Each structure stands twice: as structure tokens, then as C-alpha cells.
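Q: I would like a close look at a single part of the model shown below. Please keep the account careful and connected, and give the cut-offs behind each term as you go.

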Amino acid sequence: MHRERFTPYLLIAPSIVFLLFLFAVPVFEALLLALRAPDGSLTLANFQRMSRDLYFADAVRNTVLLVVITVPLQLVLALAMAVLLQGIARGRDLVLYVWTIPLGVSDLAAGIVWLAIFTERGYLNSFLNWIGLIERPQIWLSYETPAMLFLAVVIAEIWRATAIMFVILVAGLQLIPKEYGEAAEVFGATAWRRFWRVTLPLLKPSMQVALILRTIAAFGVFSVALALGGRDIPILAGEAHYWYNLYRNPAIASAYAVIIMGISIAITLVYLRLLRSRQDES
Amino acid sequence: MRHRTFYLALALIFCAWVLLPIFLLTILAFTERQAIFAWPKGLLPEAFSLETLRFFFGVQGVWRALRNSVVVALLTVVFALALGAPAGYALARYRFAGKDAYRVMILITRAFPLMILAVPLAVRFIDLGLYDTPWAVALVHTALALPFAALITSSIFLGIPRELEEAAWTLGCTRLQAFVKLVLPLALPGLVATAIFAFVISWNEVFAATILTLRERTLTAYLLTVLPDSPLPFRFAGGFFLIVPALAFIFAIRRYLFTLWGIANR
């Protein structure tokens, strides 16, 4: 029976060793790569070179704007879908399947899907032509139409990644006891009031998880933008990709990766603080 | 009753929002070149044709990329389950010091973007001679999938009554025998779902696959690098092939979706 005490440690040991070498060590090495000069001394030169790059400022602006605009929209949309699902009896399984399909779609594929719609002779222009708004194909995805290009990326991202939030919120809704809503109904609360006063507060932990996961993932997305607009719409993760694959410069690529990690962790902490303090007030 | 109809209409709109873009891409993948460049386009396909797909598979490197994607995803599945399932079992069945710390460690891995792993690992893999092999990509994908695998399998094992296992021990089974003969068959559907989940994670991953390969591209890495210079029919056919397995996989694991996501996100 004495051996039993060590069994769980034997079972988790392989995964710990693996994550040590393929997670902890690389994170540390990325910091070193970004902070070291060719001669081995510590330096901020890589970060300076990164920040002076032509695409840097645009990449920061685009990435932050993209996250700030898409993630809240996704949360609202996912919430609406999750509540809507509760009101559906027949065909619920089918609706659930269809709504979760984007879970399996990569950001690259999502970019290509929406390229088919926004491209010059694509479905959007064909539709606009059909309702009589335009005569000839309109170009949407070029550096000359930055607003539309950005909007296309936003739409593709909302299309692809709302499903993840939706599933987390539906799982959260299932945990809320029906009695709470019923009790509120007995006291005469309208459906709208029940949603704001009962469902939403109880759903806060799930919303927190959904927000954090989605935000972190959103900072890593780049192939949607790349598929739709190439480098006409620079994104932080895309720049890391270009600096490694095009310029063969791991140091600057790591500097970008470190910036992305820094923002991800900072945002996670902000969410945790914001959502917690509000919970304490109520 | 009016509410019902309203709900249903809204639900259908959301369904169309998800399905219509995929439908349109599918049409483009199954028409001829001409139809892809046609102006203006109709909503319905003009003529069914395999020309675009034939063109796609005729391009050098496509088959190889497809094969690499499958190999990498299968390796990821094996690694993630081999490393994650034992940890999941430990979390489900044992009480031990450090259990909570282990859980927290697993969750913390998700706050780190993949870029931070891929770049230094590419440098390391070059030294080790692993660079540009499916193994290298699979190892990084395992780092992504392993935390999920551990949490998901732990919830699957938790769902199997402990008493069954204890009964087997009293009847003379060793711990291992009880696991293989009793727990494993019961856990199998859940483990298969976990495997499919890991497969999809790997199949869809772009950044690490692009950084870690040069000639042995996976399908995503291959498409990403040739995308800017390739004609539209090629892009649409490629996009279609990225999506098809995803549709099938999500369908296969739809019953486990909430075990996979609901619990993995606690």
C-alpha cells in the first residue's frame, strides 16, 4: 500500500516534464532571445529596433483595436445566442450543432471564407449589384480602403470565434438552478428583469472565463488578416511571423512575442480585477 | 406563441450567418475557373465541376502538405493522450499534495500565446536536428493540446463511478487490470472525443507550423505561405479543404462539446 502514495506523482510526472521543456523553458528562452545582443550581453536594442519598424505602430494600433472591438461584440452576440437557445425546444440539437461549427474552423480558413465574399468579384459586390447599388466591382480589401479591410477582419473574427464564447456561456447557464428564475417570476419580475437581475449576475464567472480566453486568443490571431489583406493590415502576431519567416530574425520575432505575452497577461489581470471588484460591490 | 416564432426566426438567422459563408465557399470549390471570376455572381452554382479541385491537387506540394498535416495531427493526438490521460486519471482518482498547484499550472499555460513558444523552440529544434520535421510541429501542438487533454480526461474519469473499480479490486483485479478491463472501455467514447479535439487543435494551428517547417509544411503552413501569390481558385479550394474535416469532427464530438469546453474552462 505504501507504493500507492507515489502513484499519482508517477502519473502526472510525464506531463510536468513535458510542459517544463516545451513551455517553461521556451518562455524563458524567448525572453533571453529578445533581450540579448549578438555578443551575449543584455540589451533593449531588439525592442528599439522593433519599435522603429515601419509596421510596428500600425500593428499595435490594429491589434488593440481589433481586440477591443471584436471581443465585446462577440460577448454580446454569444450571450444573445445562449439565451435564445434556452427558448428553443424542437430542433435544439441541430441549432446547437450549427452554431458550434465555427469552433472547428481555423482562423486561416475563416479568412479565406470571407475572402470569397469581400473579394473584387465576390458575393458582396454581386449582392450590391443585384440590389442596384453598384455597377462595377468595388475593391474593398486594399490598403486604399483601410476601414473596409479592417471591418472585413472584424466580421470574419466575429463569425469564427463567437462560438467559443457561446459554448462557455451555455455551459454556465446550465449550472444556474431554474428555481432562481422561477422564484423571481413568482414575485412578478418580467423576463427582461429576470435576465438582468438573476441570469446575468450568476453568469458572471462564465463571462469572465470567456472574456479572458477570447482576449488572449485574439491577440494571437493573424492569419485572418493575412488571408484578407496580406500585410496591408499589419497585426502584432503577423509581424512576429514575418520577422521570423521572411527576415530570419528570431530576436525581433521574440521581441514581438514578448510584447504579445505582456499584453495578454496585463489584460487578464485587468479583467480579473475589474470583474471581481464589481462582484464585491453588489 | 408569438414568442416562439420570433425565437425560431432569430435562431434561423444565426444559422444562416454561420452556414451561408461556408456554403458559398463550397460552391466556389466545386465550380470551374470561369465561374469563380464571373461577374456578377448568382447565389446558386452555375455548373458543377471538379476543375478547381483538380487544379488544387495538381499543384506541387499540396499532397505532401496534406499528408504532413495528418501525420502531425495524429502524433499530437498520441502525445497529448499518452501524457494527458494519466494526469487526468490522477486528478480524478487520487488525493495528493500539490494537486491544486498542478491544476493551476495547467490553467496558467493558457495565458501564454503560442508565439512565445514557437520562436525559441524553432531555434532549439534547429540545433537538435528536429527542425522541419512533423515531430517538431507535433511537439509544439502537444504543448497546446496537453493541458486540455489532462482536464478533459479527468472529467471523463470522474464520470465513471469509483465503486465499480473498487468492486473489481475486491474481486482480485490489480489496479492496472481493473483500469484496463473496466475503466478503459467505459471511458473510451470520451477518450475518442478528446483525441478528435486534439486532432482539430493541431489541424487548425497556423503560427507554429509555419515557423517550424520549411519544406515539410502542414496544410495550414503551406497555404499561408503560398497564399499571397496564388490565384483565387487555389485559395478557395484550400480553404474548403481546411474546413471539411472540422465540420465532420465537430459533428462527431457534439455530444461531448460541453464536457470538453464547460469543464475544461473551470
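A: The model is a predicted one, in which local features need pLDDT of at least 70 and side-chain atom pairs count only at pLDDT 80 or more, whereas totals for chains, interfaces and linings use all residues. Residues are numbered from 1 along each chain as its sequence is written, while chains are lettered from A and ligands numbered from 1 in the order in which they are written.

Chain B is assigned domain 1, covering 1-49, and domain 2, covering 60-263; such bounds come from an automatic or database domain assignment. The C-alpha centres of domain 1 of chain B and domain 2 of chain B are 32 Å apart. Seven residues of domain 1 of chain B are in contact with seven residues of domain 2 of chain B, two residues being in contact if their C-beta atoms, placed from the backbone, lie within 7 Å. On the side of domain 1 of chain B that touches domain 2 of chain B, α1 (2-29) and α2 (33-36) of chain B each supply at least two residues, and α1(B) gives the most, with five. By class, the residues on this side of domain 1 of chain B are five nonpolar, one polar and one charged, where Ala, Val, Leu, Ile, Met, Phe, Trp, Tyr, Cys and Pro count as nonpolar, Asp, Glu, Lys and Arg as charged, and the others, Gly among them, as polar.

The C-alpha trace of chain B spans about 75 × 65 × 35 Å along its principal axes. Of the 266 residues in chain B, 47% are buried, a residue being buried if 20 or more other C-beta atoms lie within 10 Å of its own, exposed if 12 or fewer, and partly exposed in between, with C-beta atoms placed from the backbone. When contacts in chain B between residues at least 6 apart in sequence are considered, 74% join residues at least 24 apart.

Within domain 2 of chain B, which is assigned 60-263, helix α4 (residues 62-93) of chain B has 32 residues and reaches 45 Å from its first C-alpha to its last, close to the 46 Å expected at 1.5 Å a residue; that expected span is 1.5 Å times one less than the number of residues in the helix. A kink of about 30 degrees in α4(B) lies at Gly84(B), shortly before the proline Pro86(B), the bend at a residue being the angle between axes fitted to the seven residues ending there and the seven starting there.

Further along, Asp132(B) is found in the loop between α6 (115-128) and α7 (134-158) of chain B, where phi of Asp132(B) is near 65 degrees, a positive value in a residue other than glycine. Asp132(B) counts as partly exposed because 17 other C-beta atoms lie within 10 Å. Helix α7 of chain B also holds Phe148(B), which is buried because 22 other C-beta atoms lie within 10 Å. Phe148(B) and Phe197(B) are 49 residues apart in sequence, with their C-alpha atoms 8.9 Å apart in space.

The largest nonpolar core has 167 residues, and those with the most contacts inside it include Met115(B), Ala118(B), Val140(B), Leu212(B) and Ala257(A); a nonpolar core is a set of buried Ala, Val, Leu, Ile, Met, Phe, Trp, Tyr and Cys residues joined through C-beta atoms within 7 Å. The largest share of this core, 16 residues, comes from α7(B). Domain 1 (1-49) and domain 2 (60-263) of chain B both give residues to the core, so it lies between them. Not counting residues up to four places away in sequence, Ala257(A) touches residues of chain B, among them Pro113(B), Met115(B), Ile116(B) and Val119(B), and also Ala30(A) and Ala240(A).

Finally, the contact between the chains takes 74 residues from chain B and 76 residues from chain A. On the side of chain B that touches chain A, α1(B) gives the most, with 13 residues, and the classes there are 61 nonpolar, nine polar and four charged residues.

Note on methods
Helices (H or I, at least four residues) and strands (E, at least two) are DSSP runs, numbered from the N terminus.
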